[in-house]
Amino acid sequence: MKRVHITVYGRVQGVGFRNYTQQMATRYHICGWVRNRPNGTVEIDAQGDRSLLKSFLAAIHRGSPFSQVSKVEQEEQRELLSYRSFRIKY
């Protein structure tokens, strides 16, 4: 298991990016959350199997059909949390 904290930059708000992220998390069995930030970025905390998390991150880099991802920052986190699902935070 691995946990990463991700910040996504670009045109990622108002284009279905959070729903897309949740769909990709379900596809790759990732737990955690996603939320919009006031500065226009999207923040993700994701945890899962290393190989599946790698596939999830590739999907985040591609972005949803109407988004335009310009940059993705990720930082590996040490502490694994007891997430049981992936949810959208409002």
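The protein's secondary structure consists of two helices and five strands, where helices (H or I, at least four residues) and strands (E, at least two) are DSSP runs numbered from the N terminus. Read from the N terminus, the order is β-α-β-β-α-β-β. This is a predicted model, in which local features need pLDDT of at least 70, side-chain atom pairs count only at pLDDT 80 or more, and totals for chains, interfaces and linings use all residues. Residues are numbered from 1 along each chain as its sequence is written, and side-chain values use heavy atoms, leaving out hydrogens and water.

The C-alpha trace spans about 30 × 25 × 20 Å along its principal axes. Of the 90 residues, 42% are buried, meaning under 20% relative accessible area with a 1.4 Å probe, protein chains only. Among contacts (heavy atoms within 4.5 Å) with a separation of 6 or more, 78% join residues 24 or more positions apart.

In soluble globular proteins, nonpolar side chains tend to be buried together. Here the largest nonpolar core has 23 residues; such a core is a set of buried Ala, Val, Leu, Ile, Met, Phe, Trp, Tyr and Cys residues joined through side-chain atoms within 4.5 Å. At least two residues of this core come from each of strand 1 (2–11), helix 1 (17–27), strand 3 (42–48), helix 2 (50–62) and strand 5 (86–88). Helix 2 gives the largest share, five residues.

Ile6 is one of the residues with the most contacts inside the core. Leaving aside residues up to four places away in sequence, Ile6 touches residues including Ile44, Ala46, Phe56, Leu57 and Val72.

How values were computed: Buried < 20%, exposed > 50% of the residue type's maximum accessible area, 1.4 Å probe, protein only.
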